[in-house]
Amino acid sequence: MQLPDPASAQDSILIVDFGSQVTQLIARRIRETGVYCEIHPFQSAAAAVAALNPKGIVLSGGPASTLDENAPTINPAILDANVPILGICYGQQALCMALGGKVEAGHHREFGRAQVTVEKPSELYAGVWDLGTDHQVWMSHGDRVTQIPEGFEVVGTSPNAPFAMIANEARRIWAVQFHPEVVHTPDGAKLYANFVHKICGIQSTWTMSAYRQKMIEKIRAQVGSGKVICGLSGGVDSSVAAVLIHEAVGDQLTCIYVDHGLMRLNESEQVVTMFRDQFNIPLVHVDASKVFLEELDGQSDPETKRKIIGRLFIEVFEAEAKKLGGAQFLAQGTLYPDVIESVSFTGGPSVTIKSHHNVGGLPERMNMQLVEPLRELFKDEVRVLGRELGIPDSFIGRHPFPGPGLAIRCPGGITPEKLDILRQADAIYLDEIRKSGQYDKIWQAFAVLLPVQTVGVMGDGRTYEFVCALRAVTSVDGMTADFYQFDMNFLGKTATRIINEVRGINRVVYDVTSKPPGTIEWE
Ligand code: XMP
């Protein structure tokens, strides 16, 4: 695990993770208040306290029961840090166990919406909730506290959790049974704001322009007079990383854009033009489409296609990097969610649904050091940074596009002709979505060219052409997704345009599968 960099020490909050599904939301809520925070697993809490020197600590929820043998416990370093503590759900129970209270197992399960009643004033909700009022919160717990430790008092109750909110204001510890980080606790963000500003005394200094300056200095210190290369994918993360690094070290950075021939209509030109002309970043544009399409020829198995593309990408990138003559640094757009070491209670690898296209093995192969200026950021923070750096909104707000590109949107065998048909249909679909003002409401939308031909009639003639499937989903993180509910008139109009304008398609269908059970991409 990477520990925080003491050189970048600032007023911060430490979030100790006990494995809750929503720990990342705690970090989101705190960063939204303009305060920096980091998540660390409970096992390494002591090291994190030492390195981060936080002004406050939040203990997350978690799936375990404090009554289980080997249940995660509060590391003494957390209590010894002598800073304000906020315990959430499991964090509350673990605090109670550590400080001499009692927790009871499972007969008072409470899931979903609940009402808490404010029984006593508390700094945690000062100015937000008044004495005697009821408020909606979101609960998700099996165990509950039955006896609070000495020095604590109950400040709020709910029908199933008589200790819904407890506090020891003298010792600066607050703990709640509910989850203030989720949207179903409508005032939760205000409680976090109270905790970080009023209780921990931290100002809102976590801004993107401050981050930009800090990172520029950090990149300069790391890279010195060395050379950096950055693989551009056309995606937001690698683009923002490249522009930031260029601002820090100028032409010591060279970007490599490997065009695998599986990009969308005009996409390669847009990427190359933006980086070369608008940002003046040295860019090598490798047209490797011939080799990719040759190796993909005759391959129809999704995993085989993905593996061929992943391998070739690394080979082409490596060859181009070598031609540049010895760069010492490789830039990557790694984000914070990829860095957080997750707390695993079940252990064991999860099933591989798809082999993702990634270049994770490259640095070791090429003996290079990584420059990862986004590793402290969440995706939407990267977008804010991108705007701060002057990258156009049309680029920053783009839907995600997978590394293997159109290859996984063309089930079965791939031919240049099929890719062309797909590109045209996809461009019309996205054009209609943009024109109707729906682009930003959708997580991802794309066309898929099915390996199926059907009979149609156009003019007075028979046609026998491909079926095009349209997909659009809403999602928060791509892990789960819902199909997007278009108006039927929109779908009808788009289908007509595709069939009229694209030679090779005579039928259009809309995919109404959510994830799970489907995945977002078709392969
Ligand atoms: P699935 O299809 O697994 O996709 O539901 C979830 C999200 O991941 C994207 N995706 C990829 N992104 N390399 C990537 O960079 C890949 O190999 C890859 N496969 C899927 C997909 O577009 C969606 O946003």
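How far is an oxygen atom of the ligand from an N or O atom in the side chain of arginine 306? The distance is 2.9 Å.

## About the model

This is a predicted model, where local features need pLDDT of at least 70, side-chain atom pairs count only at pLDDT 80 or more, and totals for chains, interfaces and linings use all residues. Residues are numbered from 1 along each chain as its sequence is written, and side-chain values use heavy atoms, with hydrogens and water left out.

## Around the ligand

Taken alone, the ligand exposes 500 Å², and the protein buries 84% of that (areas by the Shrake-Rupley method with a 1.4 Å probe).

There are 15 residues around the ligand (a heavy atom within 4 Å counts as near). Lys354, Gln444, Lys515, Ile520 and Glu521 come nearest. Sort the shell by type and you get five nonpolar, six polar and four charged residues (Ala, Val, Leu, Ile, Met, Phe, Trp, Tyr, Cys and Pro are nonpolar, Asp, Glu, Lys and Arg are charged, and the others, Gly among them, are polar).

## Where two helices meet

Now for helix H6 (residues 208-223) and helix H13 (residues 379-388), which pack at an angle of about 80° with their axes 10 Å apart (helices are DSSP runs of H or I, at least four residues, numbered from the N terminus; axes are lines fitted to C-alpha atoms over the stretch in contact, and angles run from 0 to 180 degrees between N-to-C directions). H6 and H13 are therefore roughly perpendicular (65 to 115 degrees).

Met208, Ser209, Tyr211 and Arg212 from H6 meet Glu381, Val384, Leu385 and Glu388 from H13 (contact means heavy atoms within 4.5 Å). That contact is made of four nonpolar, one polar and three charged residues.

Note on methods
Parallel < 35°, antiparallel > 145°, perpendicular 65-115°, else oblique. Polar contact = N/O pair within 3.5 Å; in protein donor to acceptor, adjacent residues only side chain to side chain.
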